[in-house]
Amino acid sequence: MILALLLLLQDASSKIAQEVEYANAKDKPQFHVQAVRKLKDRGGPAVAEEILKFCAARGHNALSIAFTEGLGTLKDDRITGLLRELIRDKDFYWRPTAFRALADLRDRASRDEFRAALGDRLWGCRAAAVVALERLDDRESVPRIKQLLGDDVYDVRAQAARTLFAFGDSSGLPVLVEALRANTVWFDIDYGQIAREDAWNFLKVVAKDDFGYKPWETVEERAPGLAKAEAWIAKTMPDWRDKVPEKARVRAAGVEYAFGFERRSCQRGDFFFRIDRDGNLVLGYFTLESATLSAEELKAFNAALDKVKTVDRSVPYGLGGCDFEQYYVRVGNRFEKLWIGLQGRPAAAEPFVRLVGDLLRKKFGERALEEFKQSSDLFRTNE
Amino acid sequence: MKRLAWFLLLVSGCSKPLPEAEPLAFQSLGAFEYTDKMKLPGDVTRWNGKLVKATGFINPTSQARNLTSFLLVKDRASCCFGKRPQINHYIEVKLRPGASADYSNDPVTIQGILKVDDRWDGDWQLGLYWMEAAEVLK
């Protein structure tokens, strides 16, 4: 009888170990969601124990994003403790997700860290911290959350608006109404549509009216619906336009670009800049900052870029994943892309990266240089 | 004579026009909430065994070059930036023998015979949608 019980326990324990393994297996992404669900259904102290064992043996960065998210469904003090460790680990790939998981657990002991994260360098952490403070009903954070209505990134502004609304404060709604006109395009990606859909999905519930249009329709098709949405907010807030912070205002699109640089990094955050047809260095993708390059600076930039252009663009470099930099090189009327993953930057691109760092410091100061540098080393080839 | 007959047979086989691949939108595969071992909707099973071409994104792994198999997911968000691909939101693609593809974060179009088959290994679901001997069109 005792032997049978022991065998059963051993079997359960090896199943838990397999589920934790599969929830994080890099070569089995199709198992992640299933494994997380199995662990959640199983619950109990043995699951927490196995997870801690896995982390201790493999390190934080062995965790998958799905698993990190799933930790928010496991109610166990040790898991909450692990999530607190994960949000403090600046090198952990999925910090924003860990913040969201901790928000799901409504971890009151992390309140001060959530408050501090409203100023985190990763926008995903800022947005998740707003959600967490909403879940904790932390009304003392309202003034700080209001400041985020003017954040550089739409997702943070929108989350701030939604959280304020949940607190009974409508002051963020103008940011969302303004976003219904978002027209940001990064080369072939319509980021504007993502913002338009997100804002529309929220406002149609608040207004109990979808304004008679869909956010993915053409500008002309959307026009009557937008007028309706603006009339709706003007009824309760006639001066709503004045309440849209500078960084949340939609600007006229139509600038033509000669070059683009896109760096997306799960680990360290994103960085975007372009050179427009007038030789301006334009930073960001949603909220743009622009500085004119002198003829000499532009010449140096183009000379460094010419070296980058010698790299074969028909193949990717480095490791695949969600950290990469991409160079948009104009060839006639179209752009060709050079894709570089972790540890893959060809030597011909290094002088370009150094020159860009110098220009960023000169034109936008140390903060821009720091943001650029913090993820730059990830792509350098290991020698 | 026998050789000539074989040659003619081969030529006539080669000249037969290939069937036209039907464009398959991911929305047709993923527009239902999947529950374990459910009977799949007719809208989905009707694609089983058809030659299709589907456009999506390659789910990145640490290998960036010479991929011979990969998951084709429906949008950029589920491929790269945080969203978890649901079981009915991707196709497991195996390229035809000798073929390979490089990773790209641009959309790719894949052509092949789609198998709709809820495959399990014990308690573990292996996938719903499969494409074997596939080729990358762009």
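**Note on the predicted two-chain model**

1. In chain B, strand S2 and strand S5 (residues 108–121) run antiparallel and are joined by six bridges. Strands here are DSSP runs of E with at least two residues, helices are runs of H or I with at least four residues, and both are numbered from the N terminus. Two strands count as paired if DSSP finds at least two bridges between them. Within this pairing, Lys53(B) stands opposite Gln111(B) of S5(B).

2. The model is a predicted one, in which local features need pLDDT of at least 70 and side-chain atom pairs count only at pLDDT 80 or more, while totals for chains, interfaces and linings use all residues. Residues are numbered from 1 along each chain as its sequence is written, and chains are lettered from A and ligands numbered from 1 in the order in which they are written.

3. S2(B), residues 51–58, also runs parallel to strand S1 (residues 22–24) of chain B, with three bridges between them. Here Val52(B) of S2(B) faces Glu22(B). Two further bridges link S2(B) to strand S3 (residues 69–73) of chain B in the antiparallel sense, and Ile58(B) stands opposite Leu72(B) in S3(B).

4. Chain A contains 16 helices and six strands. Its C-alpha atoms fill a box of roughly 85 × 60 × 35 Å along the principal axes. Of the 383 residues in chain A, 39% are buried, that is, they have 20 or more other C-beta atoms within 10 Å of their own, with C-beta atoms placed from the backbone.

5. The six strands of an open sheet in chain A follow the order S4-S3-S2-S1-S5-S6, with antiparallel pairing. Its edge strands, S4 (289–292) and S6 (334–342), each pair on one side only. Strand S1 (residues 257–265) of chain A pairs with strand S2 (residues 271–276) of chain A over six bridges, and Glu262(A) has Phe272(A) in S2(A) as its bridge partner.

6. Where do the two chains meet? In all, 19 residues of chain A are in contact with 20 residues of chain B; contact requires C-beta atoms, placed from the backbone, to lie within 7 Å. On the chain A side, the elements giving two or more residues are helix H2 (29–42), helix H4 (65–70), strand S5 (319–331) and S6. H2(A) gives the most, with six residues. This side divides into 10 nonpolar, eight polar and one charged residue; Ala, Val, Leu, Ile, Met, Phe, Trp, Tyr, Cys and Pro count as nonpolar, Asp, Glu, Lys and Arg as charged, and the others, Gly among them, as polar.

Technical notes: Buried ≥ 20, exposed ≤ 12 C-beta atoms within 10 Å, placed from the backbone. Contact = placed C-beta atoms within 7 Å.
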